[in-house]
Amino acid sequence: VQDDVYGKYRLPAGALVMPNVYAMLHDPEVYADPHAFKPERFIAQDGSDAEPDPRLCFFGFGRRICPGRHLADASVWSMAAVILASLSVSKPRDKAGVEITPIVSFTDGTITHPEDFDCDIQPRSIQVEALVAQELTRFHRSRD
C-alpha cells in the first residue's frame with residue numbers, strides 16, 4: 001500500500017514479500033537441533049519452555065493465512081492416527097532379511113517434500129487386512 005522500512009530494508013509500495021518459512025522453522029536459535037524429529041520439543045518439560053508451535057507460521061500470515069488450516073490440520077492428525085492404529089510401518093528388508101535404512105533426501109524448490117523411499121507396511125490385524133482388501137477392490141472397480 002505504501003513504502004515501508006523493516007530493519008535495514010526498504011520495501012517499496014507494491015513489493016511482493018515472500019517469507020522463508022523453511023528457514024524460520026529450521027532456525028537453530030529458535031529450535032534446538034532443528035533437523036531432528038523430536039515431537040516432544042513442543043511440550044514444556046523439566047522446567048524448560050516448549051519450542052514455538054510451527055503452525056504459527058507454516059499456514060501463512062495475517063490476511064493471507066490459509067482459510068483451510070484447521071481442516072488441513074485435523075485431516076492430517078486423523079489420517080496419522082488411523083495409519084498408526086491400523087498399520088505397522090517399518091524399514092524395508094533386503095532378500096537376506098537385513099533392515100535397510102532409507103536415505104533421507106528432500107526435493108528442491110519453493111515447496112519441498114521428502115523424496116520417495118521404500119518402507120514395509122503391514123496390517124496390524126486380520127480385520128484391517130480384510131478392510132484394506134475390500135477398499136482396494138472397491139477402488140479398482142470404480143476405475144473400470
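Reply: In this predicted model, a nonpolar patch on the surface is formed by Y6, Y9, L11 and V17, whose accessible area together is about 450 Å². One of these residues, Y9, belongs to strand 2, which covers residues 9–11. Y9 is classed as exposed because its relative accessible area of 51% is over 50%.

R10 is likewise exposed, with a relative accessible area of 54%. Its side chain meets that of D3 in a salt bridge, with an N to O distance of 3.5 Å. D3 itself is partly exposed, at 48% relative accessibility. Side chains of opposite charge can pair when their charged atoms come close.

Although A13 and D3 are ten residues apart in sequence, their C-alpha atoms are 4.4 Å apart in space. Leaving aside residues up to four places away in sequence, A13 touches V1, Q2 and D3. With 42% relative accessibility, A13 is partly exposed.

The loop between helix 1 (21–25) and helix 2 (69–86) holds E51. This residue counts as buried because its relative accessible area of 18% is under 20%. A polar atom of the E51 side chain lies 3.3 Å from the backbone nitrogen of A32. Beyond residues up to four places away in sequence, the contacts of E51 are V30, Y31, A32, R41 and F42.

Two aromatic pairs are found in a search of the whole structure. Y31 and F42 form an edge-to-face pair, at 6.5 Å centre to centre and with 70° between the planes. The pair links distant parts of the chain: Y31 and F42 are eleven residues apart, each in the loop between helix 1 and helix 2. Y31 is buried at 6% relative accessibility, whereas F42 is partly exposed at 36%. The F58 and F59 pair is tilted, because the ring planes stand at 55°, with the centres 4.7 Å apart. F58 is partly exposed at 39% relative accessibility, while F59 is buried at 17%.

To return to the charged side chains, a search of the whole structure finds eight salt bridges. Among them is the bridge between D33 and K38, whose closest N and O atoms are 3.5 Å apart. D33 is partly exposed, with a relative accessible area of 45%, and K38 is partly exposed at 32%. Another bridge joins D53 to R55, with the closest N and O atoms 2.9 Å apart. D53 has a relative accessible area of 29% and is partly exposed; R55, at 41%, is partly exposed as well. Through salt bridges that share partners, D53, R55 and D73 are joined into one network.

Technical notes: Residues are numbered from 1 along each chain as its sequence is written. This is a predicted model: local features need pLDDT of at least 70, side-chain atom pairs count only at pLDDT 80 or more; totals for chains, interfaces and linings use all residues. Side-chain values use heavy atoms; hydrogens and water are left out. Helices (H or I, at least four residues) and strands (E, at least two) are DSSP runs, numbered from the N terminus. Buried means under 20% relative accessible area, exposed over 50%, partly exposed in between (1.4 Å probe, protein chains only). A polar contact is a pair of N or O atoms within 3.5 Å; within protein, one must be able to donate a hydrogen and the other to accept it, and residues adjacent in sequence count only if both atoms are side-chain atoms. Contact means heavy atoms within 4.5 Å. Patches are made of residues with over 30% relative accessible area and no salt bridge: like charges are joined within 9 Å, nonpolar side chains (Val, Leu, Ile, Met, Phe, Trp, Tyr) within 5 Å. Accessible areas come from the Shrake-Rupley method with a 1.4 Å probe; for residues, only the protein chains shown count as cover. A salt bridge is a side-chain nitrogen of Lys or Arg within 4 Å of a carboxyl oxygen of Asp or Glu. Rings of Phe, Tyr and Trp (its six-membered ring) pair if their centres lie within 6.5 Å; planes under 30 degrees apart count as stacked, over 60 as edge-to-face and the rest as tilted.
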